[in-house]
Amino acid sequence: MDDRMEKLISLCKRRGFVFPSSEPYGGVGGFYDFGPLGVELRNNIKRAWWRRVVQEREDMMGLESSLIMHPKVWEASGHIAHFSDPLIDCRRCKFRFRADEVPMVPGTPPACPQCKSEDLTDARPFQMMFKTFVGPAEDTASTAFLRPETAQGMFVDFPVLQSIARKKLPFGVAQIGKAFRNEITPGQLLFRLREFEQMEIEYFVRPDDAPRAFEEWLAFMRDWLRVCGIAEERVVFHEIPDGERAFYSSRTVDIEYQYPFGQKELYGLANRGSYDLERHAAISKQDFTYYDQEANARFLPHVIEPTFGLDRTVLVVLLEAYHEIEGGRTTTTESNKEVEVVLKLPKEFAPYKVAVLPLSKKEPLMQEARRITQELRKRWMVAYDDVASIGRRYRRQDEIGTPYCVTVDFASVEDHCVTVRDRDSMQQERIPIAELSAYCGSRLPV
Ligand code: ATP
């Protein structure tokens with residue numbers, strides 16, 4: 001493995017993107033806190049996704065369902081019976097790991113990945129849903145689960161949603177929200193968490209329309225990867241062969257990414273048939289059918305499910321954006337000595353869109369810089385920095401991906417102009433202050 005993950009982890013912590021939760025207490029594996037820049041980045045990704053998935057489409061609607069649902073939901077979905085990973089314990093060092101983490105070499109017994117001991121327990125299923133209790137009694141009757149995926153809310157609400165929306169098939173529901181899984185081995189920063197966020201779609205179609213809708217969403221996912229600035233050559237569309245898919249799925253594509261620690265899942269797309277609606281109809285004894293007015297017939301729609309992990313998106317977006325320039329991009333002696341980091345984030349995702357940097361702390365220059373900052377803040381997240389040399393301040397902004405830096409100098413007070421520097425080209429342009437907002441607005445996505 002190269003050292004990109006270590007560098008990213010260090011940048012994320014140093015600049016306040018993301019860091020372990022409960023640090024003064026030693027942290028809790030698989031839980032992270034998002035700092036000021038991380039919150040902005042996540043919100044920008046969610047907004048960009050929601051705009052393309054819900055806002056710009058006639059056939060989609062949004063939903064926010066509860067994190068704790070009726071326990072029967074998880075019985076119907078199969079999670080209570082099947083949502084488990086095979087777990088092995090090492091009797092010598094007590095290390096606990098997933099059975100698929102030990103390489104199986106024919107002819108040799110499996111060994112502990114930590115201490116290499118062969119004294120291991122058999123693999124046994126480990127339920128990955130977090131349990132809790134609803135109400136004051138802590139007994140079986142009040143046991144509930146934190147949802148391990150957002151999808152079930154969209155299936156369970158299908159009857160009410162179809163009557164509210166009064167839409168004809170095909171139509172879909174989108175949801176962004178937290179999911180919880182008691183993963184055996186969380187790790188690799190945001191790759192495998194115990195508390196994470198999903199952006200999921202359930203797209204309801206006529207059975208004969210499912211292959212077309214599948215292709216449409218596959219194309220959408222390709223486009224979304226482009227929006228995220230993810231290089232095509234590091235993405236693999238893995239068509240899951242017959243026999244390896246869930247039994248109800250007639251087609252599944254795993255969208256995998258070549259992380260520094262190996263090729264693993266980023267997103268998934270599945271044709272789930274009518275399995276979920278059938279199960280909820282059977283267990284709840286309610287009607288989950290769709291009424292087709294033209295044909296005067298009722299049937300269970302089929303479902304195409306594109307699913308996007310938000311945290312894996314954040315991780316991959318950061319990995320793709322991270323660029324190091326040995327010796328720096330400028331020729332000043334100070335920066336020559338350093339490795340310069342530029343986070344080439346898509347502008348739409350950048351936490352700060354603009355930074356205002358006054359060249360001096362003297363008045364009336366400072367006052368003018370403050371006024372410009374407040375004006376721009378009506379439209380965007382704007383950083384203000386008056387500490388250290390201008391070169392250092394540019395590099396601080398490059399490192400967090402700010403697309404535009406505005407320097408306010410002594411001439412600004414006289415000629416009412418500022419200099420705007422572009423993060424990627426480092427080109428500088430002198431702009432009248434009165435036109436600054438329109439200048440940035442024409443270069444930044446809505
Ligand atoms: P994996 O095989 O990596 O455990 P999965 O197949 O169980 O993933 P799904 O159940 O399909 O994942 O979940 C949908 C999406 O949610 C995944 O594509 C991924 O982006 C995200 N996701 C799943 N588990 C985690 C996790 N523990 N931490 C962060 N994101 C996750």
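Helix H9 (310-321) lies across strands S10, S12, S13 and S16 and runs at about 45° to S16. Here helices (H or I, at least four residues) and strands (E, at least two) are DSSP runs, numbered from the N terminus. Axes are lines fitted to C-alpha atoms, for helices over the stretch in contact, and angles run from 0 to 180 degrees between N-to-C directions. The model is a predicted one, in which local features need pLDDT of at least 70 and side-chain atom pairs count only at pLDDT 80 or more, while totals for chains, interfaces and linings use all residues. Residues are numbered from 1 along each chain as its sequence is written.

The strands under discussion belong to an open sheet of seven, in the order S3-S9-S10-S16-S13-S12-S11 and with mixed pairing; two strands pair if DSSP finds at least two bridges between them. At its edges are strand S3 (60-62) and strand S11 (235-239), each of which pairs on one side only. On average, neighbouring strands of this sheet are turned by 25° against each other, direction ignored. Helix H7 (residues 210-227) also packs on the sheet, touching S10, S11, strand S12 (251-259), S13 and S16, and its direction makes about 15° with that of S16. Contact between two residues requires that their C-beta atoms, placed from the backbone, lie within 7 Å. Six bridges pair S13 with S16 in the antiparallel sense, and Gly268 has Thr307 in S16 as its bridge partner.

Thr307 turns up again beside the ligand. The ligand is surrounded by 15 residues, the closest being Leu193, Phe196, Thr307, Gly309 and Arg312; a residue is near a molecule or strand if its C-beta atom, placed from the backbone, lies within 6 Å of it. Two or more residues of this shell come from each of strand S10 (195-205), strand S13 (262-273), strand S16 (302-309) and helix H9 (310-321). The most come from S13, with four residues. By class, the shell holds four nonpolar, four polar and seven charged residues. Ala, Val, Leu, Ile, Met, Phe, Trp, Tyr, Cys and Pro count as nonpolar, Asp, Glu, Lys and Arg as charged, and the others, Gly among them, as polar.

Another open sheet has three strands in the order S5-S4-S6, with antiparallel pairing. Strand S5 (96-98) and strand S6 (124-127) are its edge strands, and the twist averages 50° from one strand to the next. Strand S4 (residues 84-89) is joined to S5 by three bridges, with Asp89 opposite Arg96.

A few backbone details deserve a look. Most residues other than glycine have a negative phi, and most peptide bonds are trans. Lys116, in the loop between S5 and S6, has a positive phi of about 70°. Lys116 counts as exposed because it has 10 C-beta neighbours inside 10 Å; the cut-offs are 20 or more other C-beta atoms within 10 Å for buried, 12 or fewer for exposed, and partly exposed in between, with C-beta atoms placed from the backbone. His416, between helix H13 (410-415) and strand S22 (417-422), has a positive phi near 55° and is likewise exposed, with 11 other C-beta atoms within 10 Å. Cis peptide bonds join Leu169 to Pro170, with omega about 0°, and Glu363 to Pro364, with omega about 5°. Pro170 lies in the loop between helix H6 (158-165) and strand S9 (171-180).
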